[in-house]
Amino acid sequence: MRAAKRVEYTKKLLNEIGLGSERLDFFHIAASEAPMFAETVRTMSERAKELGPNPYRIKLQQETKKDKE
Amino acid sequence: MITADRKPFEEIKESIKDYEKIMVLGCETCVAVCQAGGEKEAEILASELRLAFGNEGKKIEVNDELVVRQCDDEFMGDPEFLKKVKEADVILSIACGVGVQHACNYFNRVITDKPIRVIPGLNTTFMGANIDVGLWEERCLGCGDCVLEKTGGICPIARCAKSLLNGPCGGSSNGKCEINKDTDCAWHLIIERLEALGELERIKPVEMYKDWRPSHSGGPRKRVREDLRL
């Protein structure tokens, strides 16, 4: 329960800084529910692909490249 | 203890957007206890600011520091720390309003070759108690004339919306205040407590109007203990 609340709080922080709360999610999956785990991983991977890489990391990489040049 | 809430993130961002080197300064006392301005909150806020400004393509340097108390000179004199204060363009203090003001005053007294800007990251709210995990409620208004002895330890000044001194108003209903159905009627609580203590007779004498002069209404206050003064 506390983990769920922490995830909720972190999602709020991600929204505040403009990264978007969809990048983080919380699922309840039992150890015996392997198919559900696989499905969840697929869902999150697709979501990550749609959202694209962390825009801050891209800018940071571009700036580092500029500084090196 | 003093409680506070973090200012809205956009407001904080707006207040520091013109600076490049920012120090987020946390405090380990009241605001750490109410989880608004302690070490963890300073680290999170610094990280948020770096990410948010980075996302906008703005280069800023945000560091977080922590002192035991910002309302006391004693805890802020470390030379290494003061060096970092001097290097920053602005100090974003997440102490209570007392800490922000005192830090600003202190830094500008001890660092004389450049003015030090200290701005608040919190909205200081009330003097309250930790009722439950993650819950703090107002308990004291600092009126300067404590009546708790007469009301079984429940303050009608802070906890009654009207600060009544002579029992509940007509708006008290089922133990709740007419202002908000989630707010307990302070006088309902007082009567229950005095009953339990066998002191219900205490509410019979009419309490005269309150002298508000010892409170903030009488102007900014001071406390002096001459025996401690050098």
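Colleague: How many salt bridges does the rule find across the interface of chain A and chain B?

Modeller: Bear in mind that this is a predicted model. The side chains of Glu16(A) and Arg6(B) meet with N to O at 2.8 Å. A salt bridge needs such atoms within 4 Å, so this pair qualifies. Across the interface of chain A and chain B, the count is 1 salt bridge.

Colleague: Which element gives the largest share of the side of chain A that touches chain B?

Modeller: Two elements of chain A give two or more residues to that side, helix 1 (2–16) and helix 3 (55–68). The largest share is 5 residues, and it comes from helix 3 of chain A.

Colleague: What area do chain A and chain B bury between them?

Modeller: The contact takes 12 residues from chain A and 14 residues from chain B. Glu16(A), Ile17(A) and Tyr56(A) supply 51% of the area that chain A buries against chain B. Of the area buried between the two chains, 54% is on carbon and sulfur atoms, and the total is about 1,100 Å².

Colleague: Is Thr40(A) buried or exposed?

Modeller: Thr40(A) is found in helix 2 (residues 34–51) of chain A. Leaving aside neighbours within four places in sequence, Thr40(A) is in contact with Phe27(A) and Ile29(A). Its relative accessibility is 12%, and the cut-off is under 20%, so Thr40(A) counts as buried.

Methods
Residues are numbered from 1 along each chain as its sequence is written. Chains are lettered from A and ligands numbered from 1 in the order in which they are written. This is a predicted model: local features need pLDDT of at least 70, side-chain atom pairs count only at pLDDT 80 or more; totals for chains, interfaces and linings use all residues. Side-chain values use heavy atoms; hydrogens and water are left out. Contact means heavy atoms within 4.5 Å. Buried area is the accessible area (1.4 Å probe) that two parts lose on being put together, summed over both. Helices (H or I, at least four residues) and strands (E, at least two) are DSSP runs, numbered from the N terminus. Buried means under 20% relative accessible area, exposed over 50%, partly exposed in between (1.4 Å probe, protein chains only).
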